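Have the sequence and the 3D view open as you read.

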Amino acid sequence: MENVENTVDLDLDMYLVLSPERSVRVPARLGYSSSDPFAVHMVFHVGSDFPVRWVFARELLDEGVRRPCGYGDVRIWPTRVRDREVICLALSSPDGNALLEADREEVRRWIRLTHHILPPGEEQRALALDAGLARLLADQ
C-alpha cells in the first residue's frame, strides 16, 4: 500500500503585539502534512534572511481557537481585539518571547481543512508505525 502525502497551507497576516496600542503585521504560513500528522508548522517572515519556524501540536491549535490552552513555550487563546475575533499565540524560546494575533475564523477554517485530510484521532494510523515495525523486524 502506497502512502500518499496530503498537505494544506495557509498564508495569512499575523500581528506581532508590541504594546496594547501597537502591533506590526507579520506574514506567516501555517502548514499541515499527513506525513507529520500530529504537527502544525508555522513560518514567520520577519524581514530577515531566515524565517522563524515553530512546530507544535495540531490539537493545541485546534483547542486554542475555542478556549485557552497550552503552557510553557506555546500558549493559545481566543479573544476579541477592536471588534475582531482573534486567537493569540504566546511563543517563548531562549531567544525571546512573542505575542501574535491571527484572525480566528481564518485559522478555524484551515484547521477544518486539516481534519478533512486526517480526522482527529487518526494520526497514529497515518503513521503506520506497527506496519513499519513489522516490516523492519521481518527483515532481520
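The points below go from the overall layout to single residues.

1. **What you are looking at.** This is a predicted model, in which local features need pLDDT of at least 70 and side-chain atom pairs count only at pLDDT 80 or more, while totals for chains, interfaces and linings use all residues. Residues are numbered from 1 along each chain as its sequence is written, and side-chain values use heavy atoms, with hydrogens and water left out.

2. **The overall pattern.** The chain holds four helices and eight strands. Here helices (H or I, at least four residues) and strands (E, at least two) are DSSP runs, numbered from the N terminus.

3. **Surface and contacts.** Of the 140 residues in the chain, 33% are buried; buried means under 20% relative accessible area, exposed over 50%, and partly exposed in between (1.4 Å probe, protein chains only). The chain has an accessible surface of about 9100 Å², and carbon and sulfur atoms account for 51% of that surface. These areas come from the Shrake-Rupley method with a 1.4 Å probe, and for residues only the protein chains shown count as cover. Taking contacts (heavy atoms within 4.5 Å) between residues at least 6 apart in sequence, 37% join residues at least 24 apart.

4. **The sheet.** What is the order of the eight strands in the open sheet? The order is β4-β3-β2-β1-β8-β7-β6-β5, with antiparallel pairing; two strands pair if DSSP finds at least two bridges between them. β4 (52-57) and β5 (69-71) stand at the edges with a single partner strand each, so one side of each has no neighbour in the sheet. On average, neighbouring strands of this sheet are turned by 35 degrees against each other, direction ignored.

5. **Strand pairs to trace.** β5 and β6 are antiparallel and share three bridges, and Cys69 stands opposite Ile76 in β6. β1 and β8 are joined by two bridges and run antiparallel, with Leu16 opposite Leu100 in β8. Between β7 and β8, also antiparallel, there are eight bridges; one to look for links Cys88 to Glu101 in β8. A hairpin of two residues connects β7 to β8.

6. **A helix across the sheet.** Helix α2 (residues 104-117) lies across β1 (7-19), β2 (22-33), β3 (39-44), β6, β7 and β8 (96-103), and runs at about 150 degrees to β1. Axes are lines fitted to C-alpha atoms, for helices over the stretch in contact, and angles run from 0 to 180 degrees between N-to-C directions.

7. **The nonpolar core.** In soluble globular proteins, nonpolar side chains tend to be buried together. A nonpolar core here is a set of buried Ala, Val, Leu, Ile, Met, Phe, Trp, Tyr and Cys residues joined through side-chain atoms within 4.5 Å. In the largest one, with 28 residues, Phe56 and Leu61 touch the most other members. Leaving out residues up to four places away in sequence, Leu61 touches Leu30, Val40, Phe56, Ile76, Ile87, Val107, Trp110 and Ile111.

8. **Salt bridges.** How many salt bridges does a search of the whole structure find? There are eight, each a side-chain nitrogen of Lys or Arg within 4 Å of a carboxyl oxygen of Asp or Glu. In one, Arg29 meets Asp11 with the closest N and O atoms 2.7 Å apart. Arg29 lies in β2 and Asp11 in β1, so the pair ties together parts 18 residues apart in sequence. Arg66 and Asp62 form another, at 3.5 Å; Arg66 is partly exposed at 43% relative accessible area, whereas Asp62 is buried at 17%.

9. **A linked network.** Arg80, Glu85 and Arg104 are joined in a network of salt bridges, where Arg80 and Glu85 come within 2.3 Å, N to O. Is Arg104 buried or exposed? Arg104, found in helix α2, counts as buried because its relative accessibility is 16%. Apart from neighbours within four places in sequence, Arg104 contacts Val65, Arg66, Pro78, Glu85, Val86 and Ile87.

10. **Two residues with positive phi.** Arg82 lies in the loop between β6 (74-81) and β7 (84-93), and its phi is near 45 degrees, a positive value in a residue other than glycine. Asp83 is in the loop between β6 and β7, with phi near 65 degrees. Arg82 is exposed at 57% relative accessible area, and Asp83 is exposed at 69%.
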